[in-house]
Amino acid sequence: MSATVHPLLRAKRRKAALRNLAFLSPWIIGFGVFFAYPLVSTVYFSFMHYTGFNDPTWTGGKNWSYVFTQYPLFWPALRNTLWLVVVMVTLRVVFGLGVGMLITKIKTGAGFFRTAFYLPYLAPPVAATMAFVFLLNPGTGPVNHILGGIGVPTPGWFTDPHWSKPALTILAVWGIGDLMVIFMAALLDVPKEQYEAAELDGAGSWARFRYVTLPNISPIVMFAVVTGVIQTMQYYTQPLVAGKVASGIIGNSGQQFEPGYPDKSTLTLPQLVYNLGFQRFDYGSACVIALVLFALSMAFTALLMRRRSGFLSAED
């Protein structure tokens, strides 16, 4: 009897495995085509000399040595990218959460304020960046006119290496509509009974936020931080457009533009990938920087997932 049942069970399990594989096949194909193959190819070409016109030739670690020791733009771009990850992601999450909390407490006009804060997120990145460069123009922009009128020092913004990254951060914080909506949905799901119990225990506003609100929305905060880090690691359009507009190159298509204006302060690693790969046709070095970006993204994500980020309490 057992000899008869065993083949039937094995066939049943095989059918179940094939059925599960069929359901998983779209993900498996997508993972292989859009992640595994590009990653393996990037590793392969990082050890090759390849211009896109000739056959790849093995160079060993020369591309890696060139990027880390001889390419003058790599370290400034790495510092700028890490600065943006730490400062920009932190401020976007803090302001997104703060605005979400304020709107959830508004009794009248919440729909208007929700729409007003969300609309900037819908603005095209190129148009929004160009508008900000003109608004923050140190000579003709209205922002500096207002600041000068009230006696506040007027920064150079996108023309000053010390203020260009803060200006990009202001642009990013201006478009926090996506985070605001996500946080609002999370805040509205926090059980009101927990707030009532905390008030009965004499907890103040900060204590209610720390011990009731934050633990309930911690997965959403974690999601916002991790996705923010990944997006900032891919930060390309805004700093490039800001540098071009501020330098006056945007209207002169025939001129060669080196990214990073002013003084390499807006240079990011994704710009180097494009500059090396598609302007200088040095695909090997571009792949090295792409792998550095991938490694940094994985390291940040692993650290955040392990420690639950700097402002969240780790769960035992």
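The side chain of Thr42 has a polar atom 2.7 Å from the backbone oxygen of Pro38, a polar contact (a pair of N or O atoms within 3.5 Å; within protein, one must be able to donate a hydrogen and the other to accept it, and residues adjacent in sequence count only if both atoms are side-chain atoms). Before we go on, please note that this is a predicted model, where local features need pLDDT of at least 70, side-chain atom pairs count only at pLDDT 80 or more, and totals for chains, interfaces and linings use all residues. Residues are numbered from 1 along each chain as its sequence is written, and side-chain values use heavy atoms, with hydrogens and water left out.

Thr42 belongs to helix H1 (residues 2-45); helices (H or I, at least four residues) and strands (E, at least two) are DSSP runs, numbered from the N terminus. Is Thr42 buried or exposed? Thr42 counts as buried because its relative accessibility is 19%, and buried means under 20% relative accessible area, exposed over 50%, partly exposed in between (1.4 Å probe, protein chains only). Leaving aside residues up to four places away in sequence, Thr42 touches Cys287, Ala290 and Leu291, where contact means heavy atoms within 4.5 Å.

Now to the nonpolar cores, which are sets of buried Ala, Val, Leu, Ile, Met, Phe, Trp, Tyr and Cys residues joined through side-chain atoms within 4.5 Å. The largest has 37 residues, of which Phe74, Val93, Ile217, Leu269, Leu272 and Ile289 touch the most other members. Helices supplying at least two residues each to this core include H3 (74-105), H10 (205-233) and H13 (283-307). Which helix gives the most? That is H10, with 11 residues.

Aromatic rings come next. The whole structure holds 22 aromatic pairs: rings of Phe, Tyr and Trp (its six-membered ring) pair if their centres lie within 6.5 Å, and planes under 30 degrees apart count as stacked, over 60 as edge-to-face and the rest as tilted. Here are two of the tilted pairs.

| Pair | Centre to centre | Angle between planes |
|---|---|---|
| Phe47 and Trp64 | 6.1 Å | 35 degrees |
| Trp206 and Phe209 | 5.6 Å | 35 degrees |

Phe47 is partly exposed at 27% relative accessibility, and Trp64 is partly exposed at 24%. Trp206 and Phe209, by contrast, both lie in helix H10, three residues apart, about one turn of the helix. Trp206 is exposed at 60%, whereas Phe209 is buried at 17%.
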